[in-house]
Amino acid sequence: MYRVDQTISSGSLQVDHNGRLRHFLTIDGLSRELLTEILDAAESFSGVTEQSVKKVPLLRGRTIVNLFFESSTRTRTTFELAAKRLSADVLNISARTSATSKGETLLDTLRNLEAMHCDMFVVRHPDSGAAHFIARHAAKDVSVINAGDGHHAHPTQAMLDMFTIRRVKGSFDNLTVAIVGDILHSRVARSQIQALNTLGVKQVRIVGPKTLLPSDVSQLNVETSHNLLDGIRDADVIIMLRLQRERMRGALLPSEHEYFQLYGLTEDKLAHAKSDVTVMHPGPINRGVEMDTQVADGPRSVILEQVTHGIAVRMAVMSMAMRAAGGNP
Ligand code: NCD
């Protein structure tokens, strides 16, 4: 067994002595320059993903392992497409088929994949800190990308959201961004808040019932609201989040119907935000719980663009980390 909560702090773990990205585990502690470098690299890769031949040879001969101990559709498939578009070989290992389901430890799984000379691990795990644990124990030329660990972090999701916001709004400077829903259990919210503040938006608001907001927000640099209309008033961007039922202990909510009445986004409620407000959601959406179908499929929604941008952003992160791990200039 491994203990993950001793140190989730990444310190120098994810950046090398030249300031380059070695592993991508959390947004926490990364500079505005580095986040901007990821967004700029993703911008150039998004050209590649729109060509008819969608491949570049940057990671030819490298092997990337998608190590998923928790279910995923969007994240796993866009990581796989991103790796293939960089010409890497890709292995997909899921919890159901992996030897950890037969009792093998995470460390043994890692050692076996290293023995096969795999170069990068993309890790999703239900325990906070699992990706850090692997990064700390991996061979020195191996890179680890966190594809979501417990309720801790989901840095590539946050960066594809930042990419989408920059594409739509042009810059971050004057933006008010409201994040609505189950903030308490959301690794996405945590990473988004860090990214938005690092990139210098005007204000980040978190909106939701008391039971679904963290009790101590003093470290987060956010405004808090328990009222949806107050929380989205004059917002430029609204990010809706799924209720993370699988991470809730006990009854934190009355009913989904009541939640929708209070916090579900509808066209009527949207009128309180700016007229050019952008609506986002990392997926999977629960229609009729977080938002109604009119909003999800409406003109202000960029939910499917977020999915598309996930490929270019993951290409950027993987190529940057591999370059630093391989010691290339
Ligand atoms: C998110 C996740 O898995 O953390 N989804 C995703 O990566 N597309 C959010 C969620 O599950 O609600």
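N221 lies in the loop between β6 (203-207) and β7 (223-225); strands (E, at least two residues) and helices (H or I, at least four residues) are DSSP runs numbered from the N terminus. The phi angle of N221 is near 60 degrees, a positive value in a residue other than glycine. Most residues other than glycine have a negative phi, and most peptide bonds are trans.

The model is predicted: local features need pLDDT of at least 70, side-chain atom pairs count only at pLDDT 80 or more, and totals for chains, interfaces and linings use all residues. Residues are numbered from 1 along each chain as its sequence is written, and side-chain values use heavy atoms, with hydrogens and water left out.

P284 is placed in the loop between β9 (278-280) and α10 (293-296), and a cis peptide bond with omega of about -10 degrees joins G283 to P284. Both G283 and P284 belong to the residues surrounding the ligand, where a residue is near a molecule if one of its heavy atoms lies within 4 Å of it. At least two residues of this shell come from each of α2 (74-85) and α6 (187-199). Domain 1 (6-150 + 308-324) and domain 2 (155-298) each contribute at least three, the bounds coming from an automatic or database domain assignment.

| Side chain | Ligand atom | Distance |
|---|---|---|
| T75 | oxygen | 3.0 Å |
| H154 | oxygen | 2.7 Å |
| Q244 | oxygen | 2.8 Å |

Taken alone, the ligand exposes 320 Å², of which the protein buries 94%; accessible areas come from the Shrake-Rupley method with a 1.4 Å probe.

How values were computed: Polar contact = N/O pair within 3.5 Å; in protein donor to acceptor, adjacent residues only side chain to side chain.
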